[in-house]
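My entries follow in the order of looking.

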Amino acid sequence: MTVYQATASAPVNIACIKYWGKRDTKLILPTNSSLSVTLDQDHLRSTTTSRADASFSKDRLWLNGKEEEIKEGGRMSTCIREMKRLRKEEVEDKNPNEPKLSTFNVHICSHNNFPTAAGLASSASGFAALVSSLANLYALPVSASDLSLIARQGSGSACRSLFGGFVAWQMGSNPTGVDSLAVQVAEQSHWPDIHALICVVSDDKKGTSSTSGMQRTVETSALLQHRIKEVVPRRMEEISKAIMERDFDAFARVTMADSNQFHAVALDTEPPIFYMNDVSRAIIGLIVEYNRVGVEEGRGYRAAYTYDAGPNAVIYAPKENVKEIVELVVSYFPQREGSFKDNFGLFGGGQV
Ligand code: 2P0
């Protein structure tokens with residue numbers, strides 16, 4: 001008996017130009033393009049195994065060992081349905097000898113190898129790994145950008161985790177979403193010198209989810225309109241150029257400005273959304289001072305902070321500065337042994 005099973009894994013990505021806002025909530029089409037760096041660390045990944053079998057009575061999903069319901073019409077069921085459609089159209093319809101896996105139900109088992117204590121969003125790596133494992137199972141002859149169209153419908157940021165290195169999610173303009181996909185701007189090997197340091201400020205569950213928070217921003221923030229029309233298109237060009245030229249000073253300036261503006265549009269939402277806390281803001285102060293000294297010494301910016309929908313900091317820096325930054329951060333924010341909660345903990349420093 002043939003066993004139809006495949007495994008794939010996908011890493012976390014951290015945006016430098018932030019995705020915040022949908023123009024279509026069902027298809028997950030964004031109000032602006034975004035750009036991220038995919039972390040190339042073994043300990044920040046989701047790994048997913050999918051199995052198709054004629055005897056399975058329904059599609060089922062286990063996350064970190066616990067079975068989760070696959071809601072009819074929900075994001076998970078959309079992704080599974082779209083992957084089955086691709087299997088039928090790209091494989092079975094073209095070659096009638098291929099087994100009709102698209103008619104079988106699937107069992108999907110997914111694990112994150114990073115602790116929930118890290119407070120990192122797992123939907124990006126999770127949906128990217130899901131789509132990749134189904135693509136392997138179904139032996140789909142399609143590109144990573146094609147798969148990103150489906151991962152996007154699981155969670156917007158997931159489309160960017162299908163590539164390594166520096167990745168853009170092009171917002172597109174077609175109402176069907178066919179051109180809202182991820183493309184690789186540069187391989188990680190193009191600029192291996194950049195490292196990411198993840199500083200766990202708090203592992204408290206965030207008060208406002210990204211999905212509902214960004215919709216409120218779309219509905220109520222006037223600043224968001226300025227951001228999506230005037231600011232992000234220019235920044236997408238600036239950061240792509242900085243990456244191509246390996247210009248860390250320019251990369252850092254755009255990254256920090258965009259993190260600041262993302263949190264400004266969150267504050268401009270009614271009612272306002274606060275993701276950073278006092279420790280987050282103190283880390284910003286530390287990096288600003290570190291960069292001020294760098295500029296004074298003629299070395300330019302040497303580190304860039306960025307914050308997502310929570311208080312934890314990610315600091316991008318060239319490898320030569322990482323040790324110094326870790327020492328600085330640890331000296332100002334001592335960690336309490338064995339505890340992440342309500343403390344400042346360094347989760348990881350490593351190559352992106
Ligand atoms: C980003 N974030 O670009 C931005 C920055 C959070 C802040 O993508 O509703 O979990 O599933 O599409 O992808 C978080 O949004 O939201 C996010 P959905 P998602 O990384």
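I began with T211, where a polar side-chain atom lies 2.8 Å from an oxygen atom of the ligand. I took a polar contact as a pair of N or O atoms within 3.5 Å; within protein, one must be able to donate a hydrogen and the other to accept it, and residues adjacent in sequence count only if both atoms are side-chain atoms. For R160, an N or O atom of the side chain is 2.8 Å from a ligand oxygen. At G156 the atom is a backbone N or O, 2.8 Å from an oxygen atom of the ligand. The ligand taken alone exposes 470 Å², and the protein buries 93% of that (Shrake-Rupley method, 1.4 Å probe).

Entry, basis. The model is predicted: local features need pLDDT of at least 70, side-chain atom pairs count only at pLDDT 80 or more, and totals for chains, interfaces and linings use all residues. Numbering runs from 1 along each chain as its sequence is written, and side-chain values use heavy atoms, without hydrogens and water.

Entry, ligand shell. I listed 18 residues around the ligand, of which Y19, K22, R75, S155 and S157 come nearest (near means a heavy atom within 4 Å). By class the shell has seven nonpolar, six polar and five charged residues; Gly counts as polar, and Tyr as nonpolar. Helix α4 (residues 210-220) gives the largest share, three residues (helices are DSSP runs of H or I, at least four residues; strands are E, at least two). Why does the ligand lie between domain 1 (4-190) and domain 2 (194-351)? Because both give residues to its shell; the bounds come from an automatic or database domain assignment.

Entry, second largest pocket. I noted a volume of about 270 Å³ (the space filled by probe spheres set on the grid points, which are joined across faces, edges and corners). A pocket here is an open set on a 1 Å grid over the protein atoms alone, with protein on both sides within 12 Å along at least five of seven lines; lining residues have an atom within 4 Å of a point. The lining has 16 residues, with D59, I70, K71, E72 and S77 nearest the centre. Its largest share, five residues, comes from α1.

Entry, backbone. I found a cis peptide bond between E270 and P271, omega about -10°.

Conventions. 1 Å grid on protein atoms, 1.4 Å probe; cavity = no way out; pocket = protein on both sides within 12 Å on 5 of 7 lines; lining within 4 Å.
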